[in-house]
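Please find below a note prepared for a colleague who wishes to go through this structure point by point.

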Amino acid sequence: MIKIGHNPGRNGARASGGRRGFTLLELLVSILVVGILIGLLILGIRAASRTARGVAERQAVSAAATGLEQFRDTFNFTPPMVKDQATTPQRTLNVGGRTVLSVYRTTNAADQDALRMQGGTIGPAPADNPLQDNRYSLQSLAYYLAGGANMPAGGANAELVVDGVKGPGLYAPERDGTFDIPKDVVQGTVAATARVGIVHEPFVELGAQNLTLYVDPSDITNAELRDRNGAPVRYYKWLTGREQPANSGNYIVETVDDLNIPAMVARRASVLPGQLPPDRDIEKLNVQLRDATWAIVSAGPNGVFGDEPIAEIARKLGGSVPADPTGILLLRAEAERDNIVEVGK
């Protein structure tokens, strides 16, 4: 008689063997593949985020440059440059009991020299960054494009502000930093916010173009136009027409008035080979910079311009401070590389 029951023979072994688990090697390979995929995903997200930030920053700078051109078309001159980066910084002056903006005037010989060359009333470049150019303002765009000069002007009307209009907006500016405020407004016979004369709305659209008007609550003379990262947008202004020596230290000047152009568009020579972005090569690829007289500059996605203290740059870029001078310049060049620049005449 044949007994029916469990047979632990070959068939049973085959059934059990078909359900075996992963080996250790297979698990390690799977974990490695998943790790690589996650790493690639993170890199892709970061790259997309940097690209998005770069696009937003470029839109902000382009909006500011468009506003500057509208300002020039309206008043027939580009915004004055406030002396907030001078050797002795000054944003305002007291003239006959009235507060006015302290600006570089092209009719003043000393101011002309300052705008043509580093030095004089503009702070010199530090030893560890010979290309630094201090011919810029952090306040000018806020005052002249956004109408942010809201500090009290003094005089007979205690409510009067420097540009004549409380909040964004301004009366017609003059080249010397004053504003063409109607006499009735100055004397206080009408409200300082009344629409007397021509009141100009801001030349930049705040908020919509990733630009905001920041006014320091502890010092209302300190107003800045800031980008989406909270960094101020710089306004550079300079004069051309003075040739420099053919060779200045380690930086070749040649026949172009390089030193009349801000550092972020100056051409580096052999000290930093290959470090200059093509759009800043004034010798070959971007000769329009030779005739430019102003620039609007954003720090870009990394949030640094390249002329900050080297420790701050290293921290922002996630590295350490180089021990040698050339390494410091290279780190500055890397920080500057993603700066966004708009220039014009």
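1. Basis and overall make-up. The structure is a predicted model. Its chain contains seven helices and 12 strands. Of its 345 residues, 43% count as buried. The accessible surface amounts to about 17900 Å², and carbon and sulfur atoms account for 56% of that area.

2. Contacts along the chain. When contacts between residues at least 6 apart in sequence are considered, 61% of them join residues at least 24 apart.

3. Side chains of opposite charge can pair when their charged atoms come close.

4. Asp 111 and Lys 83. A salt bridge joins the side chains of these two residues, with a distance of 3.3 Å from N to O. Asp 111 belongs to helix H3 (residues 109-116), whereas Lys 83 sits in the loop between helix H2 (24-75) and strand S1 (92-95), so the pair ties together parts that are 28 residues apart in sequence. Both Asp 111 and Lys 83 are buried.

5. Asp 73 and Arg 72. Here the closest N and O atoms of the salt bridge are 3.6 Å apart. Asp 73 has a relative accessible area of 56% and is therefore classed as exposed, the cut-off being over 50%. Arg 72, with a relative accessible area of 26%, is partly exposed.

6. Glu 159 and Lys 166. The closest N and O atoms of this salt bridge are 2.8 Å apart. Glu 159 is partly exposed at 45% relative accessibility, and Lys 166 is likewise partly exposed, with a relative accessible area of 41%.

7. Helices H6 and H7. How do helix H6 (residues 310-317) and helix H7 (residues 325-336) cross? Their axes come within 10 Å and cross at roughly 55 degrees. That angle makes H6 oblique to H7, and the crossing is left-handed. On the H6 side the contacts involve Ile 310, Ile 313, Ala 314 and Leu 317; on the H7 side they involve Ile 328, Leu 331, Arg 332, Glu 334 and Ala 335.

8. Ser 320, between the two helices. Ser 320 is placed in the loop between H6 and H7. Is Ser 320 buried or exposed? With a relative accessible area of 59%, Ser 320 is exposed. The C-alpha atoms of Ser 320 and Leu 331 are separated by 9.6 Å, and the two residues are 11 apart along the chain.

9. Pro 322, in the loop between H6 and H7. Pro 322 lies in this loop and is partly exposed, with a relative accessible area of 21%. Neighbours within four places in sequence aside, Pro 322 is in contact with Gly 327, Ile 328 and Leu 331. The C-alpha atoms of Pro 322 and Ala 311 are 9.5 Å apart, for a separation of 11 residues along the chain.

10. Ser 102. This residue occupies the loop between strand S2 (98-101) and H3. Ser 102 counts as buried because its relative accessibility is 2%, where the cut-off is under 20%. Residues up to four places away in sequence not being counted, Ser 102 touches Met 81, Val 82, Lys 83, Gln 90, Arg 91, Thr 92 and Leu 93. Lys 83 is also the salt-bridge partner of Asp 111.

11. Thr 99. Strand S2 contains Thr 99, which is buried at 18% relative accessibility. Beyond residues up to four places away in sequence, Thr 99 touches Thr 92, Leu 93, Met 151, Pro 152, Ala 153 and Val 162. Thr 92 and Leu 93 are also among the contacts of Ser 102.

12. Asn 76. Which backbone feature should be noted for Asn 76? Although Asn 76 is not a glycine, its phi is positive, at about 70 degrees. Asn 76 is found in the loop between H2 and S1 and counts as exposed at 61% relative accessibility.

Note on methods: Residues are numbered from 1 along each chain as its sequence is written. This is a predicted model: local features need pLDDT of at least 70, side-chain atom pairs count only at pLDDT 80 or more; totals for chains, interfaces and linings use all residues. Side-chain values use heavy atoms; hydrogens and water are left out. A salt bridge is a side-chain nitrogen of Lys or Arg within 4 Å of a carboxyl oxygen of Asp or Glu. Buried means under 20% relative accessible area, exposed over 50%, partly exposed in between (1.4 Å probe, protein chains only). Helices (H or I, at least four residues) and strands (E, at least two) are DSSP runs, numbered from the N terminus. Contact means heavy atoms within 4.5 Å. Accessible areas come from the Shrake-Rupley method with a 1.4 Å probe; for residues, only the protein chains shown count as cover. Axes are lines fitted to C-alpha atoms, for helices over the stretch in contact, and angles run from 0 to 180 degrees between N-to-C directions. Angles under 35 degrees count as roughly parallel, over 145 as roughly antiparallel, 65 to 115 as roughly perpendicular and the rest as oblique. A crossing is left-handed if the near helix is turned anticlockwise from the far one by less than a right angle, and right-handed if clockwise.
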